[in-house]
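This report goes through the side-chain contacts, the surface and the fold of a single chain. The structure is shown first.

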Amino acid sequence: MASQGNSTDTLFSPYKMGRFSLSHRVVLAPMTRCRAMNGVPNAALGEYYAQRTTPGGFLISEGTMVSPGSAG
């Protein structure tokens, strides 16, 4: 857990989250854009997220559909 009110903590300072040591505090949240064609991730989806990650960063990818009718 990050300390509260520590003026030395910045967006780009390292952060320990459980067993993960992040190099900064910028997190890409799930985009929920359903980029997996027909619900199956492909190479283009891997490339999409690879373009948005950084070494020691934290990226949350999108979830999968539970049924064909569940896409909004």
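How many salt bridges does the structure hold? The structure holds 1 salt bridge, the term standing for a side-chain nitrogen of Lys or Arg within 4 Å of a carboxyl oxygen of Asp or Glu. The model is predicted, so local features need pLDDT of at least 70 and side-chain atom pairs count only at pLDDT 80 or more, while totals for chains, interfaces and linings use all residues. Residues are numbered from 1 along each chain as its sequence is written, and side-chain values use heavy atoms, with hydrogens and water left out.

The salt bridge joins R25 and D9, whose closest N and O atoms are 3.4 Å apart. R25 lies in the loop between β2 and β3 and D9 in the segment before β1 (15–17), so the pair ties together parts that are 16 residues apart in sequence. Strands here are DSSP runs of E with at least two residues, helices are runs of H or I with at least four, and both are numbered from the N terminus.

The loop between β2 (20–22) and β3 (27–28) also holds V26. Together with L11 and F12, V26 forms a nonpolar patch on the surface, with about 310 Å² of accessible area. Such a patch takes residues with over 30% relative accessible area and no salt bridge, nonpolar side chains (Val, Leu, Ile, Met, Phe, Trp, Tyr) being joined within 5 Å and like charges within 9 Å. Areas come from the Shrake-Rupley method with a 1.4 Å probe, and for residues only the protein chains shown count as cover.

The table lists relative accessible areas; buried means under 20%, exposed over 50%, and partly exposed in between (1.4 Å probe, protein chains only).

| Residue | Relative accessible area | Class |
|---|---|---|
| V26 | 34% | partly exposed |
| D9 | 28% | partly exposed |
| R25 | 25% | partly exposed |
| Y49 | 10% | buried |
| Y48 | 7% | buried |

The structure also holds 1 aromatic pair. The rings of Y48 and Y49 have centres 5.0 Å apart and planes at 85°, so the pair is edge-to-face. Rings of Phe, Tyr and Trp (its six-membered ring) pair if their centres lie within 6.5 Å; planes under 30 degrees apart count as stacked, over 60 as edge-to-face and the rest as tilted. R52 lies over the face of Y48, 3.7 Å from the ring centre; this requires NZ of Lys or CZ of Arg within 6 Å of the ring centre and within 35 degrees of the ring normal.

The chain has 1 helix and 4 strands, in the order β-β-β-α-β along the sequence. Of its 72 residues, 11% count as buried.
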